[in-house]
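Subject: Structure handover

Hello,

Here is the structure we talked about passing on. Please open it alongside these notes.

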Amino acid sequence: MHHDFFNIISREEFESLLLSFAPTGIEKSSIADAYGLVLGENILSPEDLPPANRSCMDGYAINARNAFGATEGNPAYLECCAELRVDEAPNFTLKPGECAAIPTGGTLPDGADAVVMVEHTHELGSGTIEIRKSSAPGENIMLKGEDTAKGENIYESGHTVRFQDVGLLAALGIGTVSVHKKPSIGIISTGDELVAIESPSRAGSIRDVNSHTLRCLVSKAGGIPVNYGIVRDEIEKLEATLAKAIAENDIVLLSGGSSVGMRDLTVRAIESMPESKILAHGVAISPGKPTILGKVGSKPVLGLPGQVTSVQVVMLSIVMPFIRHIMGQKDAFACLDRPIRLAELGRNTPSKQGREDYVRVSLEHREGKLPIAHPVYGKSGLLKTLIKADGLMIIPADTEGLYAGNQIQVWLI
């Protein structure tokens, strides 16, 4: 049966369909392997960090009242009662008129509420220390629980683990965390014209580019790519490969099917699966309009354009954030961690209203000014437009283009 290929929905509607798919299950991970993964539970601090008041400087632990108003011209004099080691837990209380030598990271004794830096002191001999600067309570010290207090909710479920988070977890003695499993992503290239990359070049054949670029982008998003090779335009072969890929993966990407006939075949293959449904048949973005979204059981199947630059733009703009959503990241489409550079548009750039345009641009850098963004135009299917581009400029669906001289955001790729 023939489908209406222009039943196109907006990117926002397409994303809301993608958000209806549930994230992967939860598993335990060592913090060493959790980097880049998404927490599947809230994490409460098991203890105070630091566990006691600690010095941020080399100097003397004092009670700030004992050096109130001290200056170079009018110093205070305190008796040094101890020289603390960095690994020592002091078991005494500082008396009025006393101070204790303390290294960076050392634990303050009871009775001390500030540290005066060694640069503002002078040893007079026989234990007397001249204090040449007054300190406020809390100065140059990390307070007990100042990093995290015991029982504090330090991370929410849905948070992506960064390198600095691994550092805090290690400091708290947390060696394992619950994270969403890395999703595995099946990749199928379709088309009679496709040949393996080691095949000799000849008219009528195209080397399979997409499975290789998709593999890179899936890995970059945090998924595990699983390649199913090239499938000819034969419905039985496509159905068998698709069934295998759905059984073995969390998401399946079919690339190819830019031609109407191939799109029909992709839709037929998805619809032949048990418990299947086509959710969307086209999205209002350019390039990338012929993208298909299907559902088999609870698993998403995406029919991506075959055209090499189109598929890369669809991956960057829609599929990679979707993989982050499947990995459990909250607001995966809203909080896109895209590196953005401000630039000045070099020429008028028209756009068709009603679709979101992803225009490839190169940046011309200028001393002390915003770079100029030059649109990179080229025929559909040329690889060099993306090779020459530094980034993408997004023209919203409700505008008919942007003018030269406009300040724009360039999404660096």
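Start with E275. At 69% relative accessibility, E275 counts as exposed, because the threshold for that class is over 50%. Bear in mind that this is a predicted model. E275 sits in the loop between α5 (260–271) and β18 (276–281). Its backbone deserves a look: phi is positive, about 55°, and E275 is not a glycine. Most residues other than glycine have a negative phi.

D331 is another case. Its phi is about 50°, again positive in a residue that is not a glycine. D331 lies in the loop between α6 (308–326) and β22 (340–345). With a relative accessibility of 55%, D331 also counts as exposed.

Next, the cis peptide bonds. Most peptide bonds are trans. The bond joining L49 and P50 is cis, with omega about -10°. P50 belongs to the loop between β2 (43–44) and β3 (54–55). The bond joining S286 and P287 is cis too, with omega about -5°. P287 is placed in the loop between β19 (285–286) and β20.

Strand β20 (residues 292–296) runs antiparallel to β21, and 5 bridges join them. L293 stands opposite L302 in β21. The two strands form a hairpin with 2 residues between them. In the turn, G297 has a positive phi of about 65°.

β21 has a parallel pairing as well. Strand β17 (residues 251–255) pairs with β21 in that sense over 4 bridges. There, L254 has G303 of β21 as its bridge partner. Is strand β21 (residues 299–304) enclosed or open? It is largely enclosed by the rest of the structure, because 5 of its 6 residues are buried.

Now β4. Strand β4 (residues 59–62) pairs with strand β6 (residues 98–102) in the antiparallel sense, over 3 bridges. β4 also pairs with strand β7 (residues 114–117), antiparallel again, over 4 bridges.

One more residue: H122, in strand β8 (residues 121–125). H122 is partly exposed, at a relative accessible area of 36%. Leaving aside residues up to four places away in sequence, H122 touches T128, I129, E130 and R132. R162 is 40 residues from H122 along the chain, and their C-alpha atoms are separated by 43 Å.

Finally, the whole protein:

- It has 7 helices and 28 strands.
- The C-alpha trace spans about 95 × 50 × 40 Å along its principal axes.
- The radius of gyration is 31 Å, whereas a compact globule of 413 residues would have a value near 22 Å.
- Buried residues make up 47% of the 413.
- Take the contacts between residues at least 6 apart in sequence: 72% of them join residues at least 24 apart.
- The accessible surface is about 20200 Å², and carbon and sulfur atoms account for 52% of that.
- There are 39 positive and 50 negative side chains, with the centres of the two sets 9 Å apart.

Over to you.

Best wishes

Key:
Residues numbered from 1 in each chain as written. Predicted model: local features only at pLDDT ≥ 70, side-chain atom pairs only at ≥ 80, totals over all residues. Heavy atoms only, no water. Pairing = 2+ DSSP bridges. Rg over C-alpha atoms; globule rule 2.2 N^0.38 Å. Buried < 20%, exposed > 50% of the residue type's maximum accessible area, 1.4 Å probe, protein only. Contact = heavy atoms within 4.5 Å. Areas by Shrake-Rupley, 256 points an atom, 1.4 Å probe, with all protein chains shown as cover. Lys, Arg positive; Asp, Glu negative; His and termini not counted. Charge placed at Lys NZ, Arg CZ, Asp CG, Glu CD.
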